[in-house]
Amino acid sequence: MEINNIYLASVKKQMLYYKTIAEKAIDQLETEQLFISVNEDTNSIATIIKHMSGNMLSRWTDFLTTDGEKEWRMRDAEFMNFNSSKDELMQLWNIGWDCFFNTLNKLEPHQLTQIIYIRNEGQTALDAINRQLAHYPYHIGQIVFYAKMLKQSDWDSLSIPKNKSNEYNADKFAKDKSVKHFTDDELNKLQNK
(Lines give C-alpha, C1' and ligand atoms only; values in the text may rest on other atoms or scores of the structure.)
Protein backbone atom coordinates (compact mmCIF):
# COMPACT_ATOMS: atom_id res chain seq x y z
CA MET A 1 0.00 0.00 0.00
CA GLU A 2 1.33 3.42 -0.92
CA ILE A 3 2.51 5.53 2.02
CA ASN A 4 0.11 8.37 1.17
CA ASN A 5 -2.84 5.96 1.37
CA ILE A 6 -1.59 4.71 4.74
CA TYR A 7 -1.23 8.29 5.95
CA LEU A 8 -4.76 9.31 4.92
CA ALA A 9 -6.28 6.18 6.47
CA SER A 10 -4.37 6.87 9.70
CA VAL A 11 -5.53 10.49 9.86
CA LYS A 12 -9.16 9.45 9.37
CA LYS A 13 -8.96 6.89 12.17
CA GLN A 14 -7.18 9.23 14.56
CA MET A 15 -9.65 12.05 13.96
CA LEU A 16 -12.63 9.72 14.35
CA TYR A 17 -11.09 8.51 17.61
CA TYR A 18 -10.71 12.06 18.97
CA LYS A 19 -14.19 13.04 17.78
CA THR A 20 -15.63 10.00 19.56
CA ILE A 21 -13.67 10.73 22.75
CA ALA A 22 -15.05 14.27 22.85
CA GLU A 23 -18.60 13.06 22.26
CA LYS A 24 -18.33 10.52 25.08
CA ALA A 25 -17.14 13.28 27.40
CA ILE A 26 -19.92 15.67 26.30
CA ASP A 27 -22.54 12.93 26.74
CA GLN A 28 -21.67 12.76 30.44
CA LEU A 29 -22.70 16.39 31.04
CA GLU A 30 -25.97 18.22 31.43
CA THR A 31 -26.73 20.93 28.85
CA GLU A 32 -26.09 23.82 31.23
CA GLN A 33 -22.64 22.45 32.06
CA LEU A 34 -21.60 22.86 28.42
CA PHE A 35 -21.95 26.64 28.74
CA ILE A 36 -19.93 27.13 31.93
CA SER A 37 -16.69 29.08 31.80
CA VAL A 38 -14.78 29.65 35.01
CA ASN A 39 -13.49 33.10 34.05
CA GLU A 40 -13.42 35.59 31.17
CA ASP A 41 -10.32 34.00 29.66
CA THR A 42 -11.73 30.46 29.67
CA ASN A 43 -13.90 29.10 26.89
CA SER A 44 -16.87 26.92 27.69
CA ILE A 45 -17.18 23.54 25.99
CA ALA A 46 -19.93 25.07 23.85
CA THR A 47 -17.58 27.84 22.73
CA ILE A 48 -14.86 25.33 21.90
CA ILE A 49 -17.38 23.36 19.83
CA LYS A 50 -18.48 26.53 18.01
CA HIS A 51 -14.85 27.46 17.32
CA MET A 52 -13.94 23.98 16.07
CA SER A 53 -16.94 23.89 13.77
CA GLY A 54 -16.13 27.33 12.38
CA ASN A 55 -12.53 26.33 11.83
CA MET A 56 -13.50 23.08 10.11
CA LEU A 57 -15.98 24.76 7.79
CA SER A 58 -13.44 27.42 6.87
CA ARG A 59 -10.46 25.10 6.42
CA TRP A 60 -12.18 22.20 4.65
CA THR A 61 -14.69 23.92 2.34
CA ASP A 62 -13.04 23.97 -1.10
CA PHE A 63 -9.86 22.79 0.61
CA LEU A 64 -7.68 22.55 -2.49
CA THR A 65 -8.93 25.65 -4.32
CA THR A 66 -9.61 28.49 -1.86
CA ASP A 67 -7.78 30.00 1.10
CA GLY A 68 -8.49 28.07 4.31
CA GLU A 69 -9.41 31.28 6.15
CA LYS A 70 -12.64 32.08 4.32
CA GLU A 71 -13.88 35.67 4.02
CA TRP A 72 -17.26 34.58 5.39
CA ARG A 73 -15.79 33.14 8.58
CA MET A 74 -16.51 35.21 11.68
CA ARG A 75 -13.77 33.80 13.94
CA ASP A 76 -14.17 36.35 16.73
CA ALA A 77 -17.90 35.52 16.94
CA GLU A 78 -16.99 31.88 17.59
CA PHE A 79 -15.72 32.97 21.01
CA MET A 80 -18.78 34.97 22.02
CA ASN A 81 -21.18 33.50 24.57
CA PHE A 82 -24.40 32.04 23.23
CA ASN A 83 -27.18 29.72 24.33
CA SER A 84 -28.62 26.72 22.57
CA SER A 85 -29.77 23.22 23.31
CA LYS A 86 -27.41 20.28 23.51
CA ASP A 87 -28.97 18.93 20.29
CA GLU A 88 -28.34 22.21 18.44
CA LEU A 89 -24.79 22.30 19.75
CA MET A 90 -24.15 18.74 18.56
CA GLN A 91 -25.63 19.60 15.14
CA LEU A 92 -23.09 22.41 14.87
CA TRP A 93 -20.36 19.97 15.96
CA ASN A 94 -21.40 17.43 13.32
CA ILE A 95 -21.64 20.01 10.53
CA GLY A 96 -17.96 20.82 11.06
CA TRP A 97 -16.88 17.19 11.31
CA ASP A 98 -18.94 16.23 8.24
CA CYS A 99 -17.18 18.95 6.24
CA PHE A 100 -13.80 17.69 7.44
CA PHE A 101 -14.46 13.99 6.77
CA ASN A 102 -16.19 14.60 3.42
CA THR A 103 -13.17 16.56 2.21
CA LEU A 104 -10.67 14.06 3.56
CA ASN A 105 -12.58 11.14 2.02
CA LYS A 106 -12.43 12.78 -1.42
CA LEU A 107 -8.76 13.65 -1.18
CA GLU A 108 -6.53 11.62 -3.48
CA PRO A 109 -3.10 10.55 -2.19
CA HIS A 110 -1.26 12.44 -4.95
CA GLN A 111 -2.95 15.68 -3.79
CA LEU A 112 -1.07 15.65 -0.49
CA THR A 113 1.81 17.55 -2.12
CA GLN A 114 -0.46 20.20 -3.63
CA ILE A 115 0.08 23.70 -2.24
CA ILE A 116 -2.90 25.17 -0.42
CA TYR A 117 -3.16 28.48 1.40
CA ILE A 118 -4.26 29.48 4.89
CA ARG A 119 -4.19 33.26 5.39
CA ASN A 120 -2.11 33.57 2.21
CA GLU A 121 0.59 31.25 3.58
CA GLY A 122 1.30 28.37 1.22
CA GLN A 123 1.82 24.86 2.52
CA THR A 124 1.31 21.34 1.26
CA ALA A 125 -2.07 19.76 1.81
CA LEU A 126 -0.23 17.25 4.03
CA ASP A 127 1.10 20.07 6.22
CA ALA A 128 -2.38 21.59 6.45
CA ILE A 129 -3.78 18.22 7.56
CA ASN A 130 -1.00 17.84 10.16
CA ARG A 131 -1.79 21.34 11.40
CA GLN A 132 -5.39 20.31 12.08
CA LEU A 133 -4.32 16.91 13.44
CA ALA A 134 -2.65 18.90 16.21
CA HIS A 135 -5.29 21.65 16.49
CA TYR A 136 -8.44 19.53 16.91
CA PRO A 137 -7.05 17.10 19.53
CA TYR A 138 -5.70 20.13 21.42
CA HIS A 139 -9.27 21.43 21.77
CA ILE A 140 -10.67 17.96 22.42
CA GLY A 141 -8.23 17.64 25.32
CA GLN A 142 -9.68 20.89 26.67
CA ILE A 143 -13.21 19.50 26.30
CA VAL A 144 -12.35 16.28 28.11
CA PHE A 145 -10.47 18.04 30.91
CA TYR A 146 -13.28 20.54 31.40
CA ALA A 147 -15.94 17.80 31.30
CA LYS A 148 -14.10 15.87 34.04
CA MET A 149 -14.06 18.99 36.20
CA LEU A 150 -17.74 19.73 35.61
CA LYS A 151 -19.11 16.22 36.05
CA GLN A 152 -21.11 16.02 39.24
CA SER A 153 -20.90 12.25 39.63
CA ASP A 154 -18.51 9.41 38.77
CA TRP A 155 -16.62 9.86 35.52
CA ASP A 156 -16.92 7.10 32.92
CA SER A 157 -13.39 6.59 31.64
CA LEU A 158 -12.83 7.24 27.95
CA SER A 159 -9.77 5.02 27.59
CA ILE A 160 -7.80 3.13 30.23
CA PRO A 161 -9.61 3.57 33.57
CA LYS A 162 -7.63 4.98 36.48
CA ASN A 163 -5.59 2.28 38.26
CA LYS A 164 -6.39 -0.26 35.54
CA SER A 165 -3.22 -0.01 33.43
CA ASN A 166 -1.90 -3.42 34.53
CA GLU A 167 -5.16 -5.14 33.60
CA TYR A 168 -5.27 -3.30 30.29
CA ASN A 169 -1.68 -4.25 29.45
CA ALA A 170 -2.20 -7.86 30.53
CA ASP A 171 -5.15 -8.12 28.17
CA LYS A 172 -3.13 -6.60 25.29
CA PHE A 173 -0.10 -8.84 25.84
CA ALA A 174 -2.30 -11.94 26.17
CA LYS A 175 -3.26 -11.55 22.51
CA ASP A 176 -1.17 -12.54 19.53
CA LYS A 177 0.86 -9.83 17.85
CA SER A 178 -1.01 -8.15 15.05
CA VAL A 179 -0.67 -5.17 12.75
CA LYS A 180 -3.48 -2.67 13.13
CA HIS A 181 -4.06 0.96 13.89
CA PHE A 182 -3.68 1.90 17.55
CA THR A 183 -7.21 3.35 17.59
CA ASP A 184 -9.01 0.20 16.37
CA ASP A 185 -9.70 -1.40 19.76
CA GLU A 186 -10.61 1.87 21.44
CA LEU A 187 -12.92 2.95 18.60
CA ASN A 188 -14.71 -0.38 18.69
CA LYS A 189 -15.04 -0.16 22.47
CA LEU A 190 -16.23 3.44 22.41
CA GLN A 191 -18.71 2.93 19.60
CA ASN A 192 -20.22 -0.14 21.30
CA LYS A 193 -20.79 1.59 24.67
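1. A cavity is a set of grid points where a 1.4 Å probe fits but cannot get out. On that basis, the structure, which is a predicted model, holds one cavity of 30 Å³ or more. The volume of the largest cavity is about 40 Å³.

2. R59, F63, G68, I116, Y117, I118, A128 and Q132 line the largest cavity. Strand β1 (115–118) and helix α5 each contribute at least two residues to that lining, and the largest share, three residues, is that of β1. By class, the lining of the largest cavity comprises five nonpolar residues, two polar and one charged.

3. R59, a lining residue of the largest cavity, also takes part in a salt bridge: its side chain meets that of E69 at 2.7 Å, N to O. The pair joins distant parts of the chain, since R59 lies in helix α2 (residues 45–60) and E69 in the loop between α2 and α3 (75–78), ten residues apart. Across the whole structure, a search finds six salt bridges.

4. Turning to open spaces, the largest pocket has a volume of about 230 Å³. Its lining consists of Y17, I21, V144, K148, W155, D156, S157, L158, S159, I160, P161 and K162. Helices α1 and α5 (125–150) each provide at least two of the lining residues of the largest pocket. Seven residues of this lining are nonpolar, two are polar and three are charged.

5. The second largest pocket, with a volume of about 160 Å³, is lined by K172, F173, K175, D176, K177, S178, K180 and D185. Which classes do the residues of this lining divide into? Six are charged, one is nonpolar and one is polar.

6. Helix α1, which supplies at least two residues to the lining of the largest pocket, also packs against another helix. Two packed helices are described by the angle between their axes and the distance between the axes. For α1 (residues 3–27) and α4 (residues 86–106), the angle is about 175° and the axes are 11 Å apart. Angles over 145 degrees count as roughly antiparallel, and α1 is therefore roughly antiparallel to α4.

7. The contact between these two helices involves residues of both. On the α1 side, L8, V11, K12, M15, L16, K19, A22, E23, I26 and D27 take part; on the α4 side, the contributors are K86, M90, W93, N94, W97, F100, F101, L104 and N105. By class, the contact of α1 with α4 has twelve nonpolar residues, five charged and two polar.

8. As regards the overall arrangement, the protein has seven helices and two strands. Read from the N terminus, the order of its elements is α-α-α-α-β-β-α-α-α. The C-alpha trace spans about 50 × 45 × 25 Å along its principal axes.

Technical notes:
Residues are numbered from 1 along each chain as its sequence is written. This is a predicted model: local features need pLDDT of at least 70, side-chain atom pairs count only at pLDDT 80 or more; totals for chains, interfaces and linings use all residues. Side-chain values use heavy atoms; hydrogens and water are left out. Axes are lines fitted to C-alpha atoms, for helices over the stretch in contact, and angles run from 0 to 180 degrees between N-to-C directions. Helices (H or I, at least four residues) and strands (E, at least two) are DSSP runs, numbered from the N terminus. Angles under 35 degrees count as roughly parallel, over 145 as roughly antiparallel, 65 to 115 as roughly perpendicular and the rest as oblique. Contact means heavy atoms within 4.5 Å. Ala, Val, Leu, Ile, Met, Phe, Trp, Tyr, Cys and Pro count as nonpolar, Asp, Glu, Lys and Arg as charged, and the others, Gly among them, as polar. On a 1 Å grid over the protein atoms alone, a cavity is a set of points where a 1.4 Å probe fits but cannot get out, and a pocket is an open set with protein on both sides within 12 Å along at least five of seven lines; lining residues have an atom within 4 Å of a point. Grid points are joined across faces, edges and corners, and a volume is the space filled by probe spheres set on the points. A salt bridge is a side-chain nitrogen of Lys or Arg within 4 Å of a carboxyl oxygen of Asp or Glu.
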